[in-house]
Amino acid sequence: MKEVKTADLCDEFHEELQICTLSFQSYGKKKTFSGPIATVKVKDDNILVREAISSISKGAVLVVDGEGSKNCALLGDRLAAIALKRELAGIIIYGCVRDSAELAKLDLGILAIDTMPLKSKKEGKGERDSILQFGSVEWKPRNYVYADEDGVVISPRPLA
């Protein structure tokens, strides 16, 4: 998918966009990314994150609702490497990552709210492919997300 600036999308399509109000930090090498949304909702457990990374479509963006928890990381260098190999467009986490120095070397879009060196639990609890709500927006599977240094916007359809 062609890289598009979120500011330009807001200028042209603001009435049909949802604009995320959370301030994410970028941890991947790729600063601009977009694609259809796939969702996971978990709390301090990344088994479903791993399953989603291993199964969602090439070019998709995995959106993880970790409930804003800073108790542990939901993504590290190993899972990010799998996402890169599978050609995901990016990963957005309402939670934490770890291995940030290694993540910065990967040509993958990775947004999260913070870092935490502790790994997550491995119980497999959570939900996949559900509508998420955080950052004043609804993250619906198969809608499109666009992210860059200015922010994150969501559209019900592809705009680029």
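Student: Where is Leu 118 found?
Tutor: Leu 118 sits in the loop between strand 7 (109-115) and strand 8 (127-128). Strands here are DSSP runs of E with at least two residues, helices are runs of H or I with at least four, and both are numbered from the N terminus. By the way, this is a predicted model, where local features need pLDDT of at least 70, side-chain atom pairs count only at pLDDT 80 or more, and totals for chains, interfaces and linings use all residues. Residues are numbered from 1 along each chain as its sequence is written, and side-chain values use heavy atoms, with hydrogens and water left out.
Student: What is Leu 118 in contact with, leaving aside neighbours within four places in sequence?
Tutor: Leu 118 is in contact with Asn 71, Cys 72, Ala 73 and Arg 98. Contact means heavy atoms within 4.5 Å.
Student: OK, new topic. Which residues does UniProt list as "binding site"?
Tutor: The unreviewed UniProt entry puts that feature at Gly 76, Asp 77, Arg 78, Leu 79 and Arg 98. UniProt positions follow the numbering used here, feature names are shortened, and annotations may be inferred rather than shown by experiment.
Student: Which residues make the contact between helix 2 and helix 3?
Tutor: Helix 2 gives Val 49, Arg 50, Ile 53 and Ser 54, and helix 3 gives Leu 79, Ile 82 and Ala 83.
Student: How many of those are nonpolar, polar or charged?
Tutor: Five are nonpolar, one is polar and one is charged. Ala, Val, Leu, Ile, Met, Phe, Trp, Tyr, Cys and Pro count as nonpolar, Asp, Glu, Lys and Arg as charged, and the others, Gly among them, as polar.
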